[in-house]
Amino acid sequence: MLAMRWFVHVDMDAYFASVEQLVNPALRGKPVVVGGRPGSRGVVSTASYEARRFGVRSGMPIAEAVRRCPHAVFLPGRFALYVDMSKRIFEVLRRFSPRVEPASIDEAYVELETAAPGDAVRDMQKAIRDELQLTASFGVSDTKYLAKIASGFEKPNGFTVMTRADIPARLWSLPVGALHGVGAKTGARLYARGYTTIGDLARAPDGLLERQLGSLGAVLRRHANGEGGGRVVPPEEAPDAKSLGCEQTLERDLFDRSRLEALLTALAEKVGRRARRHGLAGRRIVLKLRDRRFHTITHGRTGPHPVDADGEIGRVARDLFAETRFWERGVRLVGVTLEQLVPNGDGRQLAFDFETARALPALDRIRTKYGEHAIAAARTLEAGAEARRKPRISFSIPDELAAFQ
Amino acid sequence: MSTGGERIEVLARFERSGMTPFRFRWNSTAFRVDRVTGRWEDREGQFRRCHYGVVTDTGDFFELRFHQSDFSWAVTQVGVEG
């Protein structure tokens with residue numbers, strides 16, 4: 001058999017919980033829930049398979065997980081540990097192919113040129129198990145998109161080969177929700193139009209889905225036929241970032257406008273610092289807000305010049321916030337994102353004054369040397385502990401790759 | 001159980017692969033490290049912090065942290081609760 005190109009999707013099994021069980025042997029065999037302590041407002045990041053037997057799932061509020069599995073061990077999660085282990089996993093994978101694309105902290109695509117993909121994948125699976133004492137599920141296909149779907153077929157520690165020839169038998173009978181990228185909202189839209197299975201989408205007449213759903217329709221039709229994903233893109237070949245941002249889920253709903261503005265200022269500082277560290281500035285600033293009923297809005301403004309100064313990002317974010325009057329609804333989540341990024345210096349707005357221009361690099365140096373919270377704008381103090389919690393940092397990439405995030 | 005980073009004395013071995021704790025004293029009791037179950041690093045400002053998950057000869061689990069700023073060791077977690 002001739003060597004051909006294969007795509008492998010590697011999905012670590014219950015990753016955060018498995019790493020916790022690996023590091024602390026006393027947790028092995030016990031239900032472990034990573035995401036927050038009982039009483040916290042977080043959601044479940046990962047549940048061990050022992051906890052899943054009690055109905056605990058990723059994305060579920062911690063309070064619900066406690067109700068379903070009160071005897072589980074609840075852990076807040078330690079990102080540094082998971083990142084460290086993730087690097088070691090990717091190092092193992094790179095021994096099998098130079099073309100490894102991390103898709104998240106616990107997922108990666110590997111491109112192989114081989115006549116026997118099954119043997120290669122079994123070797124990868126064994127290496128991860130023997131060297132790191134972790135298990136992963138593998139999907140193998142002739143397209144990247146199908147590889148991702150296939151890795152979910154046999155979990156944990158599974159291995160599925162699915163080529164385009166297998167699509168009618170294995171994919172088309174599944175509900176539309178099984179397609180990656182189809183969430184509750186899109187699923188409801190599809191059901192409303194009579195598409196219940198992936199096969200319904202694949203067999204839709206030319207142009208119909210596009211007319212009904214716009215560009216999303218064309219993407220779904222391609223995915224239903226197993227197409228999509230392109231080549232594996234190692235990090236050194238990845239395109240530049242398109243946006244960067246920080247968001248924070250609050251411990252409790254906040255109605256206090258001044259505290260929320262202080263928190264926005266703190267988030268703007270983090271976004272500005274990250275932009276400067278990457279040598280970027282952004283023309284558009286977007287505010288994201290979620291209220292206590294989980295209604296989410298984004299509200300943005302495009303300025304005449306790219307900016308990277310904390311003060312300018314914070315000022316625009318606060319102006320946008322004032323326009324929404326969202327504090328009246330009880331705020332659950334806030335986020336600030338810088339978009340339309342350009343290399344720093346490409347028409348960048350000069351800092352507001354000479355003192356600010358000198359202060360920002362000094363602030364950056366202080367934070368690099370003494371830590372993120374070593375120095376902060378006085379107005380962020382009002383945000384209290386929220387401003388000192390670790391925000392979720394986002395770094396988005398172009399749309400053609402976003403489908404695989 | 002989190003200990004809040006209680007300072008302790010540790011004997012560590014320096015090898016080509018890095019530093020490995022092998023004995024420590026906590027709560028007036030000396031423990032011998034039976035095996036290291038995990039090691040990872042993070043940063044506090046410019047300083048590196050090295051974390052170790054260890055199981056002692058008594059079968060107890062500890063997390064130890066070495067802080068590069070002052071070469072101090074601390075116990076950060078004890079037992080099951082994480």
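This is a predicted model: local features need pLDDT of at least 70, side-chain atom pairs count only at pLDDT 80 or more; totals for chains, interfaces and linings use all residues.
Let me begin with chain A, whose secondary structure comes to 16 helices and 13 strands.

As for overall dimensions, the C-alpha atoms of chain A fill a box of roughly 70 × 55 × 40 Å along the principal axes. A compact globule of 405 residues would have a radius of gyration near 22 Å, and chain A, with 23 Å, agrees with that. Buried residues make up 38% of the 405 residues in chain A. If we take the contacts in chain A with a separation of 6 or more, 66% of them are accounted for by residues 24 or more positions apart.

The largest nonpolar core has 64 residues, and the members that touch the most others are Val8(A), Val32(A), Val33(A), Val56(A), Ala72(A) and Val110(A). A second, separate core holds 31 residues, among them Leu260(A), Ala275(A), Phe326(A) and Val331(A). As general background, nonpolar side chains tend to be buried together in soluble globular proteins.

Next comes a pair of helices in chain A. Helix α1, residues 15-23 of chain A, packs against helix α4, residues 79-94 of chain A, at an angle of about 95°, and their axes are 10 Å apart. Angles of 65 to 115 degrees count as roughly perpendicular, and α1(A) and α4(A) are therefore roughly perpendicular to each other. On the α1(A) side the residues involved are Tyr15(A), Phe16(A), Val19(A) and Val23(A), and they meet Leu81(A), Tyr82(A) and Met85(A) in α4(A).

Ala14(A), in the loop between β1 (4-12) and α1 of chain A, has a positive phi of about 40° although it is not a glycine. Is Ala14(A) buried or exposed? Ala14(A) is buried, because 24 other C-beta atoms lie within 10 Å, where the cut-off for a buried residue is 20 or more.

Two further loops of chain A can be taken together. In the loop between α6 (144-151) and β8 (159-161) of chain A we find Pro156(A), and a cis peptide bond joins Lys155(A) to Pro156(A), with omega about -5°. In the loop between α7 (167-170) and α8 (184-192) of chain A sits Ala178(A), which is partly exposed, with 14 other C-beta atoms within 10 Å. The C-alpha atoms of Ala178(A) and Gly207(A) are separated by 22 Å, the two residues being 29 apart along the chain.

Now to chain B, which has zero helices and six strands, so that from the N terminus on its elements run β-β-β-β-β-β. The radius of gyration of chain B is 12 Å, close to the 12 Å that the globule rule gives for 82 residues, so chain B is as compact as a globular protein of that length. Its C-alpha atoms fill a box of roughly 35 × 30 × 20 Å along the principal axes. Of the 82 residues of chain B, 24% count as buried, and residues 24 or more positions apart account for 31% of the contacts in chain B with a separation of 6 or more.

On confidence, the mean pLDDT of chain B is 89, and 91% of its residues reach 70 or more. Among the elements of chain B, strand β1 (residues 2-15) has the lowest mean pLDDT, at 86, while strand β5 (residues 61-67) has the highest, at 95.

Chain B has its own residue with a positive phi, namely Phe71(B), at about 55°, although Phe71(B) is not a glycine. Phe71(B) lies in the loop between β5 and β6 (72-78) of chain B, and is exposed, with 7 other C-beta atoms within 10 Å.

Finally, the contact between the chains takes 16 residues from chain B and 17 residues from chain A. Which elements give two or more residues to the side of chain B that touches chain A? They are β3 (29-44) and β4 (47-56) of chain B, and β3(B) gives the most, with six residues.

Key: Residues are numbered from 1 along each chain as its sequence is written. Chains are lettered from A and ligands numbered from 1 in the order in which they are written. pLDDT is the predictor's confidence in each residue, from 0 to 100. Helices (H or I, at least four residues) and strands (E, at least two) are DSSP runs, numbered from the N terminus. The radius of gyration is taken over C-alpha atoms; the globule rule is 2.2 Å times the number of residues to the power 0.38. A residue is buried if 20 or more other C-beta atoms lie within 10 Å of its own, exposed if 12 or fewer, and partly exposed in between; C-beta atoms are placed from the backbone. Two residues are in contact if their C-beta atoms, placed from the backbone, lie within 7 Å. A nonpolar core is a set of buried Ala, Val, Leu, Ile, Met, Phe, Trp, Tyr and Cys residues joined through C-beta atoms within 7 Å. Axes are lines fitted to C-alpha atoms, for helices over the stretch in contact, and angles run from 0 to 180 degrees between N-to-C directions. Angles under 35 degrees count as roughly parallel, over 145 as roughly antiparallel, 65 to 115 as roughly perpendicular and the rest as oblique.
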